[in-house]
Every structure is written in structure tokens, then in C-alpha cells.
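Q: I would like to learn how to read the features of a protein model, going step by step from strands to cores and loops. Could we work through one together?

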Amino acid sequence: MLSVLLPFYAFGGEQPDVEDAASEVEMAVEVDTNNSAKISDFQNALKLIPERKVPFIDNTNFDIFIEPEDFKPINDGALNIEAVYPDFYQETSKYRSVMSYKVSLSQHFYTVVVTYWVGKYEMESTLINYDRQGNVIDHQLVAYDEIGKGQTITKSRISEHAITSQHSSWGLTKEIIEEEFVINYDGTIDKLESKNLNDTIDNEALVLYVLKEMDLVPLSVKTDLVVSKANPEASHEVIVVIPEIVDEGEGYFELNSHIVIADDRSGKVTHQYFETSQTNGWYSDAIRLREINLDTAPYRVTDDVRAFGVRVRHAGTSRVTQYQSEMLSLFIKSGDKLEKILDKYPVKTLNGQWDGECSGEFTDTDSILMMSEQQSNGFHNIILKTKVKTITDNVSDDGECNSNEMTATKTTVLKYNGKEYK
């Protein structure tokens, strides 16, 4: 049998208009051509934009743009700026392109930061995430400056998967609001938290002055780990610990350590100690850096010299592999510097594994430091009394979860070798 496929109109259907069909094809071709041209324009525009490496701080402001060559025009159309600024092409629009740069945050989307003058007195930089076709996924303000009133400024630290913005405003007092944003794998941006640094940093005014003295800005430090405490050995002195960000990304960061003593009246730094992230142990990854504390117990290392301590606590994130540690370092004044005389000694640890239900074994140690009358190289020895607790959990024959605990105590003596305690 011979089968013949007949057109629909052979069975009484309406014969299509040839001109209409041709018009639809032309429209489809035109749309596809326009999309291809749009994508091509976007890709070409990206190639001409300089790139910056993360992490970095965007503090774009009017002072940066003085000479004509400071202004770098932006291909507004290719970057689909109207999707960010809906009034961009209106007759009353006062946008003036100033600068742009791109950031490599993901293989799944593109990131560009654009800067515009908004009228004569305002300037803002916006981070924009694009899909592969040049469509805007999401955007977030990262820098703002104004002239005239000069009452508000925004700066941001941009890292691989996060934006930390600080909005400073001046009224009767200076106020800094810090906001945290996460950049998701699909290019969307979500706000995590907001806090007032005036409320969350102890001695906030003093700390800000100390940062200025040290040529640091609040965005360059982990503000939630900044700690300060009065020096019990000297009136009008405050000990300040400043963790400076070296690198950060999704689930990790590295910090340089600044330990300083400052005058609580003037804010002037009188003594300081610096150590890089390569040797200080101030890192956070699978083992998280949870807390930094100052220890001002009476560590009288000589009859005339009293040390103070910095305690750094880490903790693991695994349910089945338990880990915690607290390291103590001791410091003394030495001229206009601080000298470390005990380096990251483990005073508390917790190690162990369990099956998530019952069976497991853990070792918990906790040390107390006491100063000895005996000396080594002119410094009192340090006696450590350490309680070691071992906990064993297992399932009994009748299916009950039993726990067995054993405790022992050991003594360790640390001696000063002329440079540090060992």
C-alpha cells in the first residue's frame, strides 16, 4: 500500500497564507539575530573591562576622579544597565558613566561592578551578576559617596562568595552599619545579617582610632573577632586585638594578628606586635576559628613584669569527628614593642569520634597555669596542672548506651629559655 502524507487543508482545513508564514519566519530569524547580536555585544564589552582579584575593598569616591583620564566610559547598552537603573534612558536622567571592572567569582555567571555619577553630588558603584546571555541575575550596591553634605559613605569588601558592606553616617556621632551578603552559586544575592558596630565592638571609638593609627580600615578586619580590655597593670592603657583579613572565601579565612596597647584617652598606640597568617595559626576552614579572647590573669613572669594572654579557640564542624582547641599565647612589653614569650600553647582540647548514636571515645583536657617560685633565665617557671578526662560510650548487651569516664591529672613545667617558654 502506498501512503501519502497530505497537507491539512486537503481534508477541508484552511490553507495557510503564504505571506503570513513567511513573515513569521522572518520575525523568528530577526529575534534570533537580535539575541545573537546582543550576546556578542555583551561578550565584546566584557573583554574590554579590566579585572580585579578578590578579596578587595571597593571604596570608590569622588576623590578618585580628578583628571579627564580618570573617567572610563561604560558600554551601557551592552551591559543592560537599564535593568539595574530603570530610569537610565529617561530625558531627566542624570547618570554619568565613570568606571567599571569585572570580577571572576564563578564559572556559572559573570560579575561586573559599574560606577556612575548620579547628578553632580552623588556617586555609586553597583555589583551586577549576569547570566551567559548578558541578562541581569541580581545586583547590589557596594560603594556610595556624596559631596556637599558629606554625611554618608558606603564601602564594601568583596570576596569569592560574599559582600561585606559598611555604611558610615555622621550626625551627632559617627555610626557604622555593617551588612553581610552571600553570593549564591546561581548568581543571586541574599542578605544575611546587619549590625551596628557601635553596639557590637567594645570601645568602638577607641578601636576605630587605633585602626586609623595603624593605617587600617574597619573593612580590612574581622570585626566580630576584635577584642579589647583594660590593662590591669597600667591605668589609661587598653589592650586591643585586631585580626586583619588576608584572604577569605566560602567557608574559610586567614588573618594577620595585630596585638597593641593604646592610651585610652588619646587612642595613641604605645606598644604593638604583628604576626602574619603564615605562622600565627589564625585561620578558619573545616576547623573554624570561633573566638579570640584576652586573658589578663596575674601572669607575673618576674617581680616587675606581668604578662597578658591571648586565647584563640577553634572548633570542628563534624558531628562524628569531634575537635576543639584553645591556644594561649603570652605577651610582655619590650620597649615600644610587645614580645611573645609563650606561643600557641594548647590549654584546652577535645578530640574524639563516635558513630552518631552511641559508640565513641573522647579525650578532654583542661589546663590551669600557675606561676612558680623557681626561675629559669630570670623568669618564673610556669606550672601547668592538666586534667585529662577520657569518656568511652558503647552499647551494652541489653542494648543500653553506657558511658564510662576516667580522669587523670598531670603536671607540666614550662621554662623560659632566654627567648620564650618551652
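A: Let us begin with an idea that is needed for reading sheets: two strands are said to pair if DSSP finds at least two bridges between them. Please keep in mind throughout that this is a predicted model.

Q: How many bridges join strand β1 to strand β3, and in which sense do the two run?

A: Strand β1 (residues 51-52) is joined to strand β3 (residues 95-103) by 2 bridges, and the two strands run parallel. Within this pairing, E51 has K102 of β3 as its bridge partner.

Q: Which sense, parallel or antiparallel, describes the pairing of β3 and strand β4?

A: Here the pairing is antiparallel, and 8 bridges connect β3 with β4 (residues 110-118). A hairpin of 6 residues leads from β3 to β4, and across the pair S100 stands opposite V114 of β4.

Q: What should I look for when I search for a nonpolar core, and which residues have the most contacts inside the largest one?

A: The general idea is that in soluble globular proteins, nonpolar side chains tend to be buried together. In this model the largest nonpolar core has 20 residues, and those with the most contacts inside it are F65, Y101, V113, W117, L127 and I158. At least two residues of this core come from each of β3, β4, β5 (122-130) and β9, and β3 gives the most, with 4 residues. Leaving aside residues up to four places away in sequence, L127 touches several others, among them V113, I158 and I189. There is also a second, separate core of 19 residues, which includes I239, I245, L294 and F331.

Q: Which residues of helix α3 are buried, and what covers them?

A: A residue is called buried when its relative accessible area is under 20%. In α3 (residues 204-213), this applies to E204, L206, V207, L208, V210 and L211. Their cover includes β9 (174-183), α2 (197-200), β12 (237-249), β13 (252-263) and β14 (269-275). Just after α3, D215 takes a positive phi of about 55 degrees.

Q: Why does D336 count as exposed, and where is its place?

A: D336 counts as exposed because its relative accessibility is 51%, and the cut-off for exposed is over 50%. Its place is in the loop between β18 (321-334) and β19 (337-354). Even so, D336 touches T270, H271 and Q272, not counting residues up to four places away in sequence. From P86, D336 is 250 residues apart in sequence and 57 Å apart in space, taken from C-alpha to C-alpha.

Technical notes: Residues numbered from 1 in each chain as written. Predicted model: local features only at pLDDT ≥ 70, side-chain atom pairs only at ≥ 80, totals over all residues. Heavy atoms only, no water. Buried < 20%, exposed > 50% of the residue type's maximum accessible area, 1.4 Å probe, protein only. Contact = heavy atoms within 4.5 Å. Core = buried A, V, L, I, M, F, W, Y, C linked by side-chain atoms within 4.5 Å.
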